[in-house]
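Friendly notes from my notebook follow, entry by entry. I start with the overall fold and then work through single spots that I looked up.

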Amino acid sequence: MPLDLNDRPILVFWETTKACPLSCRHCRANAILKPLPGELTTREGIKLIDDVAAFGKPYPVMVFTGGDPLMRSDIYELMGHAKDMGVPVALSPAVSSSINEESLSMIKELGVSSVSISLDGASPETHEFVRRIEGHFNQTINAMRMLRGFGIPFQVNSTVMKMNVHELPALFKIVKDSGANAWEVFFLIHVGRGTGLESLDPLEAEDVVNFLYDASMFGVQIRTVEAPFYRRALLQRYAVETGKVKAELRLGPLYEKLRRGLHELMSGVEREPIKPQFARTRDGNGIIFVGYDGTVTPSGFLPLPLGNVRKEGIAKIYRENPILQAIRRAEFKGRCGACEYRFMCGGSRSRAFTESGDPLGEDPLCGYSPNSLNVLNSLGIQ
């Protein structure tokens, strides 16, 4: 039976600290080297974990993020409490000297379900331009090797933008060869330090999500962040390629370039065609974010305060906030509101808010015209 996303989220992101040794160009946060005043205390963090457990089983996954969560002196105590409560934990650290044999031994012992490692280019030049640290590319590759050596499941996170989009095939090859469980591709949102970088346009974004469909055939789970229209593209490609719908998909030159690059790099690797499967999550629908000071927002990229866990439980905020309820009912405006895919996609609420000030507005990065290629009935999807 599908999880009722009105009742509980799948993922609770906790920005455990703003402190971070990096100062990446695209980051949603303005990270600093020391914690900011007002950070949730150990006792408050334990209460937050207890509140997440109060959602009931199956418990949401708590994603300890930041900043760099490994810069919190009590991080292992907090993750240990989550383990004791039965709440699954994922960890999103910065690649730094904090990732070492001692920390990985603790992470392994605490049963962390997954660690996220960020890689934003297939070359040192691209990745280190984003990360602003010389030698960070090799440090990141080494971190992935260490995680694999410790038997800790990990995923690779990559932010796609104009400056690195042509490296996606080579970047996928690195992810595939690393043994990562998943590749999570972030589509740039102009918040925090990301305001200075150039995002894709709608045609390029459509080409990229179709490239990701091709890449998913090579045995790596691929997810997107702030591009839920990837799900719509998956279904359309699947319906057309299996002959369930007769239509012609007209994709652009970027897609052709990425597709050729992918197949050249993956020559000889067996493809594994599968029916697309995904959770119908989006900001505020199956996902909730708790800031360093307890402020709750629909996601880390949507800085719209909904309440604070110091004053009320996260379950009450998630279930009863009227904005979140409207998001979950898909009460969107513009093309997103008219789209037949609005319940499984719904567009990026973060991008809508950033570009228009309205979290229920349309996602300007999606170029799809509603009802121009409806494959839902042909696939038996409600």
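**Entry 1: the whole chain**

I take helices (H or I, at least four residues) and strands (E, at least two) as DSSP runs, numbered from the N terminus. On that basis I get 13 helices and 11 strands for the protein chain. The radius of gyration, over C-alpha atoms, is 20 Å, close to the 21 Å that the globule rule gives for 382 residues, so the chain is as compact as a globular protein of that length. That rule is 2.2 Å times the number of residues to the power 0.38.

This is a predicted model, so I note the limits: local features need pLDDT of at least 70, side-chain atom pairs count only at pLDDT 80 or more, and totals for chains, interfaces and linings use all residues. Residues are numbered from 1 along each chain as its sequence is written, and side-chain values use heavy atoms, with hydrogens and water left out.

Along the principal axes, the C-alpha atoms fill a box of roughly 60 × 45 × 40 Å. I call a residue buried under 20% relative accessible area, exposed over 50% and partly exposed in between (1.4 Å probe, protein chains only). I count a contact when heavy atoms lie within 4.5 Å. Of the contacts with a separation of 6 or more, 74% join residues 24 or more positions apart.

**Entry 2: Met62**

Which residues does Met62 touch, leaving aside its neighbours within four places in sequence? I find Val12, Trp14, Leu48, Ile49, Val52, Val87, Pro88, Val89 and Ala90. Met62 sits in strand S2 (residues 61-65) and is buried, with a relative accessible area of 0%. Leu11 is 51 residues away from Met62 in sequence, but their C-alpha atoms are 6.1 Å apart.

As a reminder to myself, most residues other than glycine have a negative phi, and most peptide bonds are trans.

I looked for exceptions. The Lys57 to Pro58 peptide bond is cis, with omega near -5 degrees, and Pro58 belongs to the loop between helix H1 (42-53) and S2. Gly66 and Gly67 are also joined by a cis peptide bond, with omega about 25 degrees; Gly67 is in the loop between S2 and helix H2 (75-85).

Glu226 is not a glycine, yet its phi is positive, about 60 degrees. I place Glu226 in the loop between strand S7 (221-225) and H8, where it is buried at 7% relative accessible area. Asn371, not a glycine either, has a positive phi of about 65 degrees and lies in the segment after helix H13 (349-356).

The buried residues of helix H4 (residues 124-131) are Thr126, His127, Glu128, Val130 and Arg131. What covers them? Strand S4 (114-118) and helix H5 (136-150) are among the cover.

Is Asn164 buried or exposed? It is buried, at 2% relative accessibility, in the loop between strand S5 (154-160) and helix H6 (168-178). Not counting residues up to four places away in sequence, Asn164 touches Asp120, Thr126 and Thr159. From Asn164 to Val130 I get 9.8 Å, C-alpha to C-alpha, across 34 residues of sequence.

My search used a 1 Å grid over the protein atoms alone: a cavity is a set of points where a 1.4 Å probe fits but cannot get out, and a pocket is an open set with protein on both sides within 12 Å along at least five of seven lines. Lining residues have an atom within 4 Å of a point. Points are joined across faces, edges and corners, and a volume is the space filled by probe spheres set on them.

How many cavities of 30 Å³ or more does the whole structure hold? I find one, and the largest cavity has about 130 Å³ of space. Of its 14 lining residues, Arg335, Cys336, Cys339, Cys345 and Cys366 are the closest to its centre. H8 and helix H12 (334-338) each supply at least two of the lining residues.

The second largest pocket has about 440 Å³ of space. Of the 24 residues that line it, the closest to its centre are Leu203, Glu206, Arg232, Arg250 and Leu251. Helix H7 (202-215) gives the largest share of this lining, six residues.
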